[in-house]
Amino acid sequence: MSGDASDDDPLGAEAIEAARKLFAGPIAFLKSAPALDHLPSPDVPEIAFAGRSNVGKSSLLNALTGRNGLARTSNTPGRTQELNFFDIGAPLQFRLVDMPGYGFAKAPKDVVKKWRFLINDFLRGRQVLKRTLVLVDARHGLKEVDMDILEMLDKAAVSYRLVLTKADKIKPTELAAVQAATAVEARKHPAAHPDILATSSETGLGIAELRAAVVEAIG
């Protein structure tokens with residue numbers, strides 16, 4: 001983010017500090033849901049994380065929460081095929097939902113089909129879902145599999161925001177170009193937030209702003 005923080009800036013200094021305090025409090029894994037009938041009660045707002053299976057989603061969730069072992073990282077793309085729920089705050093304030101990674105080439109077709117049904121039904125039917133954060137590898141930008149999930153979110157009328165990951169892996173000029181191109185694409189989608197966040201789970205770039213964006217989305 002650039003520019004001076006002001007009272008009406010949702011990602012300004014006050015919002016960032018408030019989000020930091022919230023994420024510094026109790027955070028715990030709640031459950032994994034392999035099917036819709038295993039979902040927790042829809043009694044608090046939820047923020048979901050979606051992304052290609054090798055986009056660094058687990059690492060970003062760990063950086064966001066400041067807990068290295070919260071989300072499991074794996075060298076095997078597509079390993080997580082369940083919806084994982086994490087409770088934030090005590091008393092409970094909201095939940096993070098780690099969605100199964102998509103776009104993994106080696107998965108059997110029936111697994112991919114099951115994933116699509118699970119995600120599509122979750123997105124369309126989850127009333128407490130406030131926003132989905134779609135993670136995009138900054139080194140590659142939006143791919144065809146990403147466009148598929150954007151279309152799914154548009155059809156489900158679910159508010160979403162594009163977040164670039166691994167921003168430390170490319171030059172600042174390249175990052176700026178990818179961020180600009182991603183913003184252009186976002187403006188073509190009715191359910192997309194217009195601003196694009198660039199993050200790095202390794203250097204901490206954009207993590208504070210992402211926390212504030214999560215808190216802002218839950219209202």
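Predicted model: local features only at pLDDT ≥ 70, side-chain atom pairs only at ≥ 80, totals over all residues.

Me: Why is A157 called exposed?

Reply: The term requires a relative accessible area over 50%. A157 has a value of 66%, and is therefore exposed. The residue is found in the loop between helix 4 and strand 6.

Me: What makes K166 partly exposed?

Reply: Buried means under 20% and exposed means over 50%, with partly exposed in between. The relative accessibility of K166 is 22%, so K166 counts as partly exposed. K166 lies in the loop between strand 6 and helix 5.

Me: Which peptide bond is cis, and how do you know that?

Reply: The bond that joins A90 and P91 is cis, with omega at about 5°. Most peptide bonds are trans. P91 lies in the loop between strand 3 and strand 4 (94–98).

Me: What makes a group of residues a nonpolar core, and how many residues has the largest one here?

Reply: The members must be buried residues of the nonpolar kinds listed for a core, joined through side-chain atoms within 4.5 Å. The largest such core has 37 residues, and L83, F122, L123 and I149 have the most contacts inside it. Elements giving two or more residues to this core include strand 2 (46–51), strand 3 (83–88), helix 3 (109–125) and helix 4 (144–156). Another core, of 28 residues, lies apart from it, with L11, F23, A213 and I218 among them. In soluble globular proteins, nonpolar side chains tend to be buried together.

Me: Which residues does F122 touch?

Reply: Leaving aside residues up to four places away in sequence, F122 touches L36, L39, E46, A48, L83, F85, V97 and L129.

Me: What kinds of residue line the second largest pocket?

Reply: Its lining divides into two nonpolar, five polar and five charged residues. Among them are V55, G56, R139, K166 and E202. Gly counts as polar, and Lys, Arg and Glu as charged. The volume of this pocket is about 190 Å³.

Technical notes
Residues numbered from 1 in each chain as written. Heavy atoms only, no water. 1 Å grid on protein atoms, 1.4 Å probe; cavity = no way out; pocket = protein on both sides within 12 Å on 5 of 7 lines; lining within 4 Å. Points joined across faces, edges and corners; volume = space filled by probe spheres on them. Buried < 20%, exposed > 50% of the residue type's maximum accessible area, 1.4 Å probe, protein only. Helix = DSSP H or I, 4+ residues; strand = E, 2+ residues; numbered from the N terminus. Contact = heavy atoms within 4.5 Å.
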